[in-house]
Amino acid sequence: MGSKRSLILPAILITFAYILGEASASDQTNREIVRTFANHYLMAGDYKAGYSALAEHLKYDGADSAAWNLLGLFYLQASQPEYGAQAFQKAIETAPKQDELRGIYAYNHADALLRSGDEAKARQSLALASR
């Protein structure tokens with residue numbers, strides 16, 4: 001896991017992004033900043049820092065379906081598929097109905113459910129992914 005130093009920078013930047021967001025930056029820009037950091041931490045295997053960045057972001061922007069999906073990926077990488085399934089479910093629920101990424105979120109949800117041992121619900125989620 002990451003050091004305290006690796007947790008401080010994203011926390012500062014996320015806070016700064018939200019301060020700017022109130023004044024000038026768009027919500028989409030804030031989302032992209034957080035997702036960029038989270039992707040970096042996921043690739044580096046620094047799950048604690050990535051989880052921290054996403055959890056802080058989702059407190060303020062719970063409608064960010066891509067961030068929920070990333071959080072689910074962190075949980076899968078940390079061998080916590082039950083929590084991953086919950087995050088992927090939130091990704092599906094918060095994504096617009098016409099969002100083509102809903103299929104990816106549903107596939108990830110099915111993967112997490114299968115890893116959790118819930119094959120019946122995994123099949124249902126796969127059916128949603130194929131729509």
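Analyst: The buried residues of helix 4 are Ser-65, Ala-66, Ala-67, Trp-68, Asn-69, Leu-70, Leu-71, Gly-72, Phe-74, Tyr-75 and Leu-76; buried means under 20% relative accessible area with a 1.4 Å probe, protein chains only. This is a predicted model, where local features need pLDDT of at least 70 and side-chain atom pairs count only at pLDDT 80 or more, while totals for chains, interfaces and linings use all residues. Residues are numbered from 1 along each chain as its sequence is written, and side-chain values use heavy atoms, with hydrogens and water left out.

User: What do the buried residues of helix 4 pack against?
Analyst: They pack against helix 2, helix 3, helix 5 and helix 6. With 11 of its 13 residues buried, helix 4 is largely enclosed by the rest of the structure. Helices here are DSSP runs (H or I, at least four residues), numbered from the N terminus.

User: At what angle do the axes of helix 4 and helix 5 cross?
Analyst: Roughly 165°, and the axes come within 8 Å. The axes are lines fitted to C-alpha atoms over the stretch in contact, and angles run from 0 to 180 degrees between N-to-C directions. That makes helix 4 roughly antiparallel to helix 5 (the label for angles over 145 degrees).

User: Which residues of helix 5 make that contact with helix 4?
Analyst: Pro-81, Tyr-83, Gly-84, Ala-87, Phe-88, Lys-90, Ala-91 and Thr-94, and on the helix 4 side they include Trp-68 and Tyr-75. Contact means heavy atoms within 4.5 Å. By class, the contact has 10 nonpolar, 5 polar and 1 charged.

User: Switching topic: how far apart are the axes of helix 2 and helix 3?
Analyst: 8 Å, with helix 2 (residues 27–44) and helix 3 (residues 47–60) packing at about 160°. So helix 2 is roughly antiparallel to helix 3.

User: And which residues in helix 2 meet helix 3?
Analyst: Arg-31, Val-34, Ala-38, Tyr-41 and Leu-42, facing partners that include Tyr-47 and His-57 in helix 3.

User: OK, helix 6: which residues are buried there?
Analyst: Arg-102, Tyr-105, Ala-106, Asn-108, His-109, Ala-110, Ala-112 and Leu-113. Their cover includes helix 4, helix 5 and helix 7 (119–129).

User: What span should helix 6 have at 1.5 Å a residue?
Analyst: 21 Å for its 15 residues, and the end C-alpha atoms are 21 Å apart, which agrees. The expected span is 1.5 Å times one less than the number of residues.

User: What about phi just after helix 6?
Analyst: Gly-117 takes a positive phi of about 95° there. Ser-79, which follows helix 4, also has a positive phi, near 60°.

Note on methods:
Helix = DSSP H or I, 4+ residues; strand = E, 2+ residues; numbered from the N terminus. Parallel < 35°, antiparallel > 145°, perpendicular 65-115°, else oblique. Nonpolar A, V, L, I, M, F, W, Y, C, P; charged D, E, K, R; others polar. Buried < 20%, exposed > 50% of the residue type's maximum accessible area, 1.4 Å probe, protein only.
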